[in-house]
Amino acid sequence: MSSPPNSLEELLEAIAKTLVDHPEGVQVRAVQGQSVTILELQVHPEDVGQVIGHHGRIAEALRTIFGAARQKQHKRVKVVILE
């Protein structure tokens, strides 16, 4: 059994790898701002639809999870899926 993720980037990477057919193509980069952290998710081109989901439902769920994760620290988190 693997250890739990230590950061939001690792958590997003772990979730994304379970959703895609090409887990080796998953990359997450965090861009820190003064009041917001942007998590940029890049996946293999064939997997973009899988992380967006039908009508954007998976992407919206990811944004909800990570938005709530940093609420206690008074810093917004935004998930951006790069194509």
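A hairpin joins β1 to β2 through three residues. This is a predicted model.

**Strand pair**
- β1 covers residues 27-32 and β2 covers residues 36-42.
- The two strands pair in the antiparallel sense, over six bridges.
- Across the pair, V28 of the chain stands opposite L41 in β2.

**Nonpolar core**
- The largest nonpolar core has 17 residues.
- The residues with the most contacts inside this core are L12, V26, L39, L41, V43, V51 and F66.
- Five elements each supply at least two residues of this core: α1 (8-19), β2, α2 (48-52), α3 (57-69) and β3 (76-82).

**V51 and its contacts**
- V51 is among the core residues with the most contacts.
- Neighbours within four places in sequence are left aside here; beyond them, V51 is in contact with L19, V20, L41, V43, I58, A59, L62 and I81.
- Two of these partners, L41 and V43, are also listed with V51 among the core residues with the most contacts.

**V20 in its loop**
- V20 sits in the loop between α1 and β1.
- Its relative accessible area is 9%. The cut-off for buried is under 20%, so V20 counts as buried.
- Not counting residues up to four places away in sequence, V20 touches V26, V43, D47, Q50 and V51.
- V20 and E9 are eleven residues apart in sequence. In space, their C-alpha atoms lie 17 Å apart.

Conventions:
Residues numbered from 1 in each chain as written. Predicted model: local features only at pLDDT ≥ 70, side-chain atom pairs only at ≥ 80, totals over all residues. Heavy atoms only, no water. Pairing = 2+ DSSP bridges. Helix = DSSP H or I, 4+ residues; strand = E, 2+ residues; numbered from the N terminus. Core = buried A, V, L, I, M, F, W, Y, C linked by side-chain atoms within 4.5 Å. Buried < 20%, exposed > 50% of the residue type's maximum accessible area, 1.4 Å probe, protein only. Contact = heavy atoms within 4.5 Å.
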